[in-house]
Every structure is written in C-alpha cells, then in structure tokens.
Amino acid sequence: MATTTTMMNIKRGTLIVIAGPTGSGKSALAVRLAQHFCAPIISTDSRQFYRGLAIGTAQPTAEELAAAKHYFIADRNVEDDFNSGKYESEALLLLDELFKENRFVIAVGGSGLYIQALCDGMDNLPEADQEVRQNLKERLQNEGLASLVEELRQRDPEYYDRVDKNNPSRIMRALEVCIVTGRPYSEQRSGEKATRNFNIVKIATDMPRDILYDRINRRVDMMIEDGLIEEARAMYHKRHLNSLQTVGYREMFDHFDGKITLEEAIDLIKRNSRHYAKRQMTWFRRDTEFSWFSPNDIEAIIAHIDAKILQN
RNA sequence: GGUCCGAUGGGCGAGUGGCUUAACCAACGGUCUGCAAAACCGUCUACAGCGGUUCGAAUCCGCUUCGGACCU
C-alpha cells in the first residue's frame, strides 16, 4: 500500500496500550476495557508468549481468556527464537487484520522494549547472528570485556563515547551489528519514530509502592500454591533457553540444583519481582506519553481514552 | 547485690589508634533499539551517651544507659 500523501493521516483505529509494573492489575483492567470497547487484546509481555509458563508468568486466567479474545498468549514454544524485532513485525501484521474488524485493540503487558517496538518501531538492524554472537561470548570469556570495548572503540567511536562500558550485553550487541553489517552501529540508528496507521493511547497503572509490593509478594505465594514448582520442574531440562531466563524459573532451577532451599527460592522470586517492577516503572516514567491511573479507576480511564479519541 | 560479655548505617556484619565511603542485602533513583522478567549504573558516610588519654579514636581509660550470660 502506498503511503498517503493527503494532509490528514488516515488512521484505521485506536490501539489502547496498557502498561505498568508487574502485579499492578493490568490484565484484569485490559479485560474490562476490552469488554467496554469491544476490543481484542494483544499481549506486550515478553514471557507470556510461551507455552508452559502459564503460572510463573501470570498469563491471563481461563475466565479472562474467555472474556476477551487474546493474542500473543502462549502461542509459541520456549524453544522458538523470538525478540522485539520479530514481535514488531508480527504484531503489526496482526493489527492490520484486527483493525479491519475493530475500531479498538488493546495492547497489555509490561515489557517496555516490546511496547516501544510496537508503538515507535525498531531501526532496520540485523537481528542476532548466532555464530557471531557465540563468538563474542567466547571472547568475552577468554579476553574479557575490555577487549570487546576496545574493538567497539575502533569500529564505532561515536557509540563508544556513550555506551555503558560495563554492560556486556550492550557492547556485544553493538559489536555484533558492526561485524555483521560492516558499518558502525550508531550510524544505523536513525532515532526516528515509525509512523503507524492507527492512533495510540497509552495508559499506565500505578498504586502506592507498599501495596504493590504486598500484592507481588502475595501473588508469588499464590503461584507456588498453583503449582509453580511443578511447572518449573517440567522446564528444568530447558533451563539454558533464553525464554527461561525469567523470574520465577531461574530461582526454582537453583533450588532444584540444591543451591538454595525452597524458602530461599520463594523469597528471591519475590525480591526479583519487586526489582523488576521497579525497573518497569523507571521505563514507563521516562515515556511521557503515558498517563497514570489506579487500575481500579475504570471510569477515569475510560473518560481519558474517550477524550483522547476525540482529539485524534 | 556481684562478676563477665556486648552495644557499629533499615538489616546483617567486618574493622582493636591515623586510607575503610568495608562487604553484602534491603530501600531509593537511573540507563535502555533484536536475549529486555535480560544486562548494567548511581545514592544512602554509621560506630549507644558523656567525659578523659592522645598530635589523632569506632578502636585505649572512666562513668552512665540499654541488652545478654553467669554467680550468690
């Protein structure tokens, strides 16, 4: 389809984005909004995509799944390669279909990078080349981070100036792109937001910190009651997979290894979930397009969305 | 009543005269373009109180307060 040259952007519908820290009531809110706006739901949660992780990633319940059509929930295997770039293209394709039938679609989940990919797009960079990445990992092991940082300095001085030189992940990704494309990483970062053919309204859920932490702690206890231990055990032999580098599973794996007791594992899951929630809030705070609401304040949220729609 | 031990930042816990902001955990703030529930960074200068010794005390001495153990 050719890009429109008319003055007005023709938007096909509105994507209502619900974000917020883990345990803040996003899923339930999304279902209520889905019912109100007659909208399907797509997940923006980087771990709820996978089958077999229903308990530990707090996938929507059977009732929630029945109450609204959900996409990107348990629709692939933990072995499947997936990342924010693939998510962007798959999600856009899906939205194209959904907006044929719906004026509204709800996107809910806590993965900031995936939300960003969906709303603002990713630059056209190559995704991970397994061979190159493996090689970089080995070099990190053998030569140390300093060596990789030095190579990055030579290949991409501009990025070198502003990267976090303590962060192996960032260094390796930048190098990976330099090596695969033969051009500096920073040169290929346009920094421009993609334009989408739908409107976007961003809502974030918030609540007092002590209440949030209490909810997180209690939810972990519930996960244990619901069978998280068994769920993790079933994945134990796949523990090396990226999809299982996930709060709730890593700690259980350590417990299965005998490194920590069950009690310790549970406490660590709580702690790491709280840490995760904090990082999420940092991410969403930075994105000033978000409007923050108590997840229970449905009236205000709907009013806010209605007002936004009128503006568009 | 007596003897002895102890008292360190939110927690734990080193440090026995002069570089320790100890470390670690929690908490708080932040970074973020294909592993993102990942990876990484920053902040929180305490030594029970009072007096003394000393050029200098968390570290030595005395008293006080509080805790613990033991004895009669």
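Domain bounds come from an automatic or database domain assignment. I note at the outset that the model is predicted.

**Entry 1: Domains**

I looked up the assignment for chain A, which gives domain 1 as 12–122 + 192–311 and domain 2 as 130–188. I then took the centres of domain 1 and domain 2 over C-alpha atoms and found 30 Å between them.

**Entry 2: The whole chain**

I recorded 13 helices and 6 strands in the secondary structure of chain A. Along the principal axes, the C-alpha trace of chain A spans about 55 × 55 × 35 Å. I compared the radius of gyration with the globule rule: a compact globule of 312 residues would have a value near 20 Å, and chain A agrees because its own value is 21 Å. I noted that 34% of the 312 residues in chain A are buried. Among contacts in chain A with a separation of 6 or more, I found that 75% join residues 24 or more positions apart.

**Entry 3: Helix α1**

I checked the length of helix α1 (residues 26–37). Its 12 residues should span 16 Å at 1.5 Å a residue, and the end C-alpha atoms are 16 Å apart, so the two agree. I listed the buried residues of α1 as K26, S27, L29, A30, V31, L33 and A34. I found that their cover includes β1, β2 (41–43), α2 (62–67), β4 (104–108) and β5. Just after α1, I noted that C38 takes a positive phi of about 50°.

**Entry 4: Helix α12**

I repeated the length check on α12. I listed the buried residues of α12 as A265, I266, I269, S273, R274, A277, M281 and F284. In general, residues three or four places apart in an α-helix point the same way, because there are 3.6 residues a turn. I found β1 (14–19), α4, β5 (199–205), α9 (209–226) and α11 (250–256) among the elements that cover the buried residues of α12.

**Entry 5: The surface near RNA strand B**

I counted 48 residues around RNA strand B, the closest being S46, T57, G85, L113 and E127. I sorted the residues of this surface into 22 polar, 16 charged and 10 nonpolar. Which helix gives the most to the surface near RNA strand B? I found that α12 does, with 11 residues.

Notes:
Residues numbered from 1 in each chain as written. Chains lettered and ligands numbered in written order. Predicted model: local features only at pLDDT ≥ 70, side-chain atom pairs only at ≥ 80, totals over all residues. Near = placed C-beta within 6 Å. Helix = DSSP H or I, 4+ residues; strand = E, 2+ residues; numbered from the N terminus. Nonpolar A, V, L, I, M, F, W, Y, C, P; charged D, E, K, R; others polar. Rg over C-alpha atoms; globule rule 2.2 N^0.38 Å. Buried ≥ 20, exposed ≤ 12 C-beta atoms within 10 Å, placed from the backbone. Contact = placed C-beta atoms within 7 Å. Expected span 1.5 Å × (residues − 1).
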